[in-house]
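The sequence and the structure come first.

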Amino acid sequence: MRFSYLGPRGTFTHMALMQISSDEGGHIPAIDVPAALRMVRNEETDFAVVPIENSVEGGVNATIDSLSNGSGLRIVAEMLVPITFVLASRGPMDLSEVKRISTHPHAWAQCQNWIASNLDDAIHVPGTSTAGSAKAMADGAMNFDAVLCNPLSAEQYGLTVIAEGVADNPDAVTRFICAGREGTALPERTGSDKTTLQVQLPSDEAGALLAMLEQFATRGVNLSRIESRPVGDSLGRYQFSIDCEGHVEDERVQAVLIGLHRTSPHVKFLGSYPSAKRVPVKLRPGTADQDFVAARDWVSNLLGK
């Protein structure tokens with residue numbers, strides 16, 4: 001199997017990919033998230049591994065937007081990676097000498113308090129990834145003094161760690177997904193699953209968001225993530241990227257999809273896959289598969305079928 005991922009080697013995304021594939025011969029780095037997903041759409045790779053959510057910064061808009069725009073993709077897995085940062089340079093240096101730091105914008109946001117306390121006049125030089133900044137420094141880029149990256153990247157590219165534990169939140173975690181083309185087979189349901197959807201709201205309709213959320217609430221389907229993104233064609237039009245608990249084979253999730261299809265102008269199914277936490281979904285009374293089946297049988301009896 002060929003996997004594209006947010007490269008270069010040593011990124012947190014690469015660490016996530018190693019959880020599901022140790023064959024580095026099939027790992028193909030991409031310059032950014034849209035490029036990694038585009039490689040799947042163009043059949044240059046079979047799957048792409050990209051970040052979708054961070055416990056500190058929230059959703060990764062580049063991933064959310066790339067999933068919703070273009071030909072269909074199918075999420076088949078998710079991975080969690082604890083996030084640890086170090087400040088590294090090409091050689092030993094004092095913190096007072098660090099004036100320009102390169103890293104990915106999400107990494108910069110996760111270390112802002114430490115930077116303000118220890119490097120109050122340092123400025124951010126945006127990088128395509130944390131490992132990309134580390135590689136650029138190792139290759140001789142001199143428009144910045146240090147990089148924020150993970151310890152693996154610092155070691156891999158021969159950099160000197162000048163400060164450790166620089167993240168503001170030591171418990172930060174990033175969630176990654178593995179996505180294939182739309183025809184990719186769905187993983188079997190495990191009882192601890194997630195389903196990812198893209199749902200567009202009707203325009204100029206009072207209570208449209210409430211009506212959409214009620215499709216989940218009335219079937220006892222919990223949302224683990226919901227984020228709004230502009231449709232892009234005009235002001236005031238939004239679509240929602242949603243993760244809900246359950247598998248499309250679950251009766252309650254199917255009922256949600258039917259309800260959304262009736263009430264929303266556009267619904268995109270992006271996949272059902274095992275939750276990385278492997279915690280069984282707690283069902284509300286009346287929402288198990290047998291409850292929906294029994295209700296349909298009751299109606300069929302009323303109709304004499």
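## An enclosed space

The largest cavity holds about 30 Å³ of space, where a cavity is a set of points on a 1 Å grid over the protein atoms alone at which a 1.4 Å probe fits but cannot get out, and a volume is the space filled by probe spheres set on the points, which are joined across faces, edges and corners. The model is predicted, with local features needing pLDDT of at least 70 and side-chain atom pairs counting only at pLDDT 80 or more, whereas totals for chains, interfaces and linings use all residues. Residues are numbered from 1 along each chain as its sequence is written, and side-chain values use heavy atoms, leaving out hydrogens and water.

A search of the whole structure finds one cavity of 30 Å³ or more. Lining residues, those with an atom within 4 Å of a point, are Pro-202, Glu-205, Ala-208, Ala-211, Met-212, Thr-263 and Ser-264 for the largest cavity. Helix H8 (residues 208-217) gives the most to this lining, with three residues; helices here are DSSP runs (H or I, at least four residues) and strands likewise (E, at least two), numbered from the N terminus.

## Salt bridges

The count comes to 17 salt bridges, each being a side-chain nitrogen of Lys or Arg within 4 Å of a carboxyl oxygen of Asp or Glu. Asp-46 and Arg-181 form one of them, at 3.9 Å from N to O; this pair links distant parts of the chain, 135 residues apart, with Asp-46 in the loop between helix H2 (33-41) and strand E3 (47-54) and Arg-181 in strand E11 (residues 173-181).

Another joins Glu-227 to Arg-225, the closest N and O atoms being 3.1 Å apart. Arg-225 has a relative accessible area of 4% and is therefore buried, and Glu-227 also counts as buried because its relative accessibility is 19%, given that buried means under 20%, exposed over 50% and partly exposed in between (1.4 Å probe, protein chains only). Both residues belong to a network of salt bridges that also links Glu-53, Glu-78, Arg-175, Lys-194 and Asp-243.

## A nonpolar surface patch

Trp-298, Val-299, Leu-302 and Leu-303 form a nonpolar patch on the surface, with about 460 Å² of accessible area together. Such a patch joins nonpolar side chains (Val, Leu, Ile, Met, Phe, Trp, Tyr) within 5 Å, from residues with over 30% relative accessible area and no salt bridge; areas come from the Shrake-Rupley method with a 1.4 Å probe. Trp-298 lies in helix H10 (residues 289-302) and counts as exposed because its relative accessibility is 55%.

Conventions: Patch = residues over 30% accessible without salt bridge, like charges linked within 9 Å, V, L, I, M, F, W, Y side chains within 5 Å. 1 Å grid on protein atoms, 1.4 Å probe; cavity = no way out; pocket = protein on both sides within 12 Å on 5 of 7 lines; lining within 4 Å.
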